Amino acid sequence: MRPENYQAKNHPPSNEYELNFGPNHPGIEGNYALQLKLHGDEIVHARADGGYLHRGFEKLMEGRLWIQNIALVPRICVPDPAPMEMCYSLAIEEIGGLEVPERAQWLRVMQLELSRIAAHLFTFGGHAATTGMYSNMYWGVADRDVLLDLFEELTGGRVYSIYNIPGGVRRDIPEGFLDRVSNTMDYIESRLPDYDNLFFTNRVFIDRAKGVGPMNQQQALEWGVTGPNLRATGLAFDVRRDDPYLVYDQLEFDIPTEEAGDAWARTLVRRHELMESIRIVRQVVKALPDIGGPIRCPIPNPLAWTVPAGEAYVRVESSKGETCYYVVSNGGDMPYRVHVRGPSSMHAVQVLEKLVEGCRIEDVAQIMFSLDACPPEVDR
Amino acid sequence: MSDIKYKDKGSILNPLKSWQFFGRKPVTEPLEPRLASKNYRGFHLNDWEKCIGCSTCQKVCDNAAITMIKIPSLKEDPVQGVRNLRPAIDYGRCCWCGLCVDICPTSSISLSREYVHICDQDTIDSYFILPDPQGMHDKFFGHGWSKSADTDLVDLKRQDMAELKAEKRIDNFAEVVEGFDKQQAIIEASRCVQCGMCHDSCPTHMDAPEYIRSIWEGDLDEAVRWIYKTNPFAHVCGRVCTHRCEAACSIGRRGEPVAIRWLKRYAMDSLDHERVKQIVAEGMAGSASGKRIAIIGSGPAGMTAAYDLVRQGHHVAVYEAQDKPGGMMRYGIPEYRLPYARLDDDIDTILSLGVELHLNTKIGQDISMQELRSNYDAVLIASGLHEGRSTRIPGSEHAKTVSAIKLLRDITAGKTIEVPKKAVIIGGGNVAMDIARSLARYQKDKYGTVDVTLTALEERDQMLADESEIREAEEEGVLIRPSRGPRQCVIEENELTGLETVCCTSVFDAEGRFHPSFDESDVCVHEAELVVEAIGQAADVGYLGDDVIESLEWQRGRLQVDDYGRTAEQWLWAAGDMVEGPDVVHAVAGGHRVAASIHEYLMGKMRKSA
């Protein structure tokens, strides 16, 4: 266009303005964006804008051998990778009729719960940081590191465990590992009063988070909300108890709930879940020495491994909600289709868009963190 | 549950609580570098002594991070199953999943506890590393993620092969090995990692990875198509091949190699013979070349050459002295190892392509070499080794001292033989086992007991026969006496009564030449009515005629040919046992080689004259 041809567009007079919140913004989780329309400080309209982390995981999986995907799936949710591996493996086990040995099931539960603790510590840190309390974030990340040390020992990798394989797990526990898990649990438990003092009973947090981004139980159910976000509206629904997988039916734990359904309630549920996860890990540590046997059922040569034609839909309770995989096999050596139904695609898109409407600009970040959405899982 | 609440009525001193943190270690303190855990998935290590370059790591790598690099200074030995390739890792792609470690057939790859690498400014690809036993920066940090028995992704155990029990097979010539069923074959085929070591080591370079894959996929037509690309004696090689492929199999490095031979047999047995013929007939040359080739001998070399040449449109005539085709495959291998019906199938398939077969036709008697020369454009000698060698010990000229080859020929031709009550075999190879086990069957049938003693020069674990042959012979009651050298046949009043042997202390001298030494104090006599010599075979080429024999080159009685099987005479080629020594699959390979050379010669000549 030549400059002389330029004509300014006439917009209707308005007090509203648009703001791109993200994709590179300290207040946003991962590379994710919200296109906000504001009137003063107040959000009039929000549109979720994802796709910055789209690497086509689902499509990539269709071109890789069944076993090769175990290295790919943990990348779909970096802060809490264990449920991703678990779901993928459980789906193949269901289609192929593989019997997972008992010891492997207990080891999987341990990995899932350790991963949940690590993910929750990360999330508090995030939520605290969005309300200006950075010490809590440093603590959360530092304490998560103690758990990553355990992952390093158990699975060989600190973040991407790649520990599950269809049929079981890849390695047994190293010597003296259970004692170290026990010590770490004691340590995390001893840190909880510090977190409470600094954050959860902090006037700043309570005043900032209470009443922000509320939803009621009916809305939550209509919007497909799961996990701690659903439990924060008073519904004690947890896949671990209501549709048990692995050995969760042999474990004792409570389902913490809150009634308020706001940002405060959601983060508080996670704080209570932390204690429940520590309880579960302690039960696993106690039980594991008496459970012998193999850690994996016999599986075929990975280069010549076909899964019988069929499909499976499996779900696992992750730190963020229900993580589900729909896997279809046409009998070949690669999946025909893998669909990842992560909780974040609901929480970060439709729920977040609705919750931020009407709230103030400074609360957008904390609403997102209180929902604990994970952008790569949205984009998968 | 919300017991965590803000306490409105706190102490005025509450803010001072934070002083306690002055006494604690800050969490933001920089961490000192530490050694990673024992199970850590760090940079790769590769033991070059163990690594055979099979490329399995490359196949399983989900990020295509592994490239196999040729290292010319390393030795390459297809027969041993060793390539001079070693994996190089592109750390721009690697995700440290460790699948390469878990699948490595040799367990040479492991991951180390090393995790720091800073790219060199001057070398832009300093992240592309050829792992060695020392690790990324020649500082050994110790092994991290490595493989143990219960985490192996390779199946080291082969499917059990059903065999007739010794008591069921000892008085008859029923086939011992029963073959895989479908389920077993698919599981066995699934063990293959497609490294292709078998292909490299096979004398005729059979496409074993491809046909194994086809069997695994359940596509037997395709499997047979792959098999026939390189070997028209699929039934035979599926049963009696010396299976060098299995010796080179990378799975065999730590476990039992893939049963490649039995898989080939399964594919052939499972497909209808008529269907096999249809598949083999695919891809025949459309028009006749007008060239005529005569082949002497219908053994594996001759018939393979006939198969190749007839497919290329030439007219091929095979001359066989015996009344049935097959050569040593029929007259040297007992039926319990190779049922003749299967051999007939293989030969029928080849003949169905249009090969002309003249049985009971002896060269030199029924038709002369000169006639062949004038009637045909090219002649191939593939008449094999049909004469037994003799130990020439005292008494070996006695009528009751016979050669194994001759006796086997009589047995397989269905002639009635005089079954000895006690027999002694000299020799420790497969032919010795064949005759020992054949005689054992006759004895069991006639006398109800087995009394065959087999004396071999070598020690038990050095014997030339296949381990399975030795084991099965022992199961059938053959007494194996290793480290015994024949001294003389004991003859009393013109009757053979036994064989005297001495202890053999070593077979080869310091330079590795055949030069047995004996312990003369350790002598023993094995009672026998019949002594069978199975110490080697020789060719009988008298039929060629003096003129032809004189015009050819010979060395120690063996016909000399070049790499393509060409003799000193331009119109004459030679292949098979008489060139390469006794072995079916080598003969097949030789047959292909000479067929290619003959075809080239004939077509080249045509091009010249045109």
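1. Two strands pair if DSSP finds at least two bridges between them. By that rule strand β6 of chain B, residues 292-296, is paired with strand β9 of chain B, residues 378-381, in the parallel sense and over four bridges. Within this pair, A294(B) has V379(B) of β9(B) as its bridge partner. The model is predicted, and the points below should be read with that in mind.

2. Five strands of chain B make an open sheet with parallel pairing, in the order β8-β7-β6-β9-β22. At the edges are β8 (356-358) and β22 (572-574) of chain B, each of which pairs on one side only. From one strand to the next the twist averages 20 degrees. Helix α12 of chain B, residues 300-311, lies across β6, β7 (315-319) and β9 of chain B, and runs at about 165 degrees to β7(B).

3. A second sheet of chain B is an open one of three strands, in the order β2-β3-β5, with antiparallel pairing. Strands β2 (66-70) and β5 (128-129) of chain B are the edges; each has a single partner strand, so one side of each has no neighbour in the sheet. Strand β3 of chain B, residues 85-90, pairs with β5(B) in the antiparallel sense over two bridges. Here D90(B) has F128(B) in β5(B) as its bridge partner.

4. On α6(B) the contact is made by E210(B), Y211(B), S214(B) and I215(B), and on α7(B) by L220(B), E222(B), A223(B), W226(B) and I227(B). The contact of α6(B) with α7(B) has six nonpolar residues, one polar residue and two charged residues.

5. The other packing joins α7 of chain B, residues 220-230, to helix α11 of chain B, residues 273-281, at an angle of about 55 degrees and with the axes 10 Å apart. That angle makes α7(B) oblique to α11(B). The crossing of these two helices, α7(B) and α11(B), is right-handed. D221(B), V224(B), R225(B) and Y228(B) of α7(B) meet V276(B), I279(B) and V280(B) of α11(B). By class, this contact of α7(B) with α11(B) has five nonpolar, no polar and two charged residues.

6. In chain A, helix α3 (residues 102-130) and helix α10 (residues 263-287) pack at an angle of about 155 degrees, their axes 9 Å apart. The two helices, α3(A) and α10(A), are therefore roughly antiparallel to each other. The crossing of α3(A) with α10(A) is left-handed. Among the contact residues are W106(A), M110(A), I117(A) and F124(A) of α3(A), and L274(A), I278(A), V281(A) and V284(A) of α10(A). The contact of α3(A) with α10(A) is made up of twelve nonpolar, five polar and five charged residues.

7. Chain A also contains a hairpin, formed by β6(A) and β7(A) with two residues between them. Strand β6 of chain A spans residues 310-318 and strand β7 of chain A spans residues 321-329; they pair in the antiparallel sense over nine bridges. In this pairing Y313(A) stands opposite Y326(A) of β7(A).

8. Last, the contact between the chains. It involves 37 residues of chain B and 35 residues of chain A. On the chain B side, α1 (56-60) and α2 (99-103) of chain B each supply at least two residues. The side of chain B that touches chain A has 18 nonpolar, nine polar and ten charged residues.

Technical notes. Residues are numbered from 1 along each chain as its sequence is written. Chains are lettered from A and ligands numbered from 1 in the order in which they are written. This is a predicted model: local features need pLDDT of at least 70, side-chain atom pairs count only at pLDDT 80 or more; totals for chains, interfaces and linings use all residues. Two residues are in contact if their C-beta atoms, placed from the backbone, lie within 7 Å. Ala, Val, Leu, Ile, Met, Phe, Trp, Tyr, Cys and Pro count as nonpolar, Asp, Glu, Lys and Arg as charged, and the others, Gly among them, as polar. Axes are lines fitted to C-alpha atoms, for helices over the stretch in contact, and angles run from 0 to 180 degrees between N-to-C directions. Angles under 35 degrees count as roughly parallel, over 145 as roughly antiparallel, 65 to 115 as roughly perpendicular and the rest as oblique. A crossing is left-handed if the near helix is turned anticlockwise from the far one by less than a right angle, and right-handed if clockwise.
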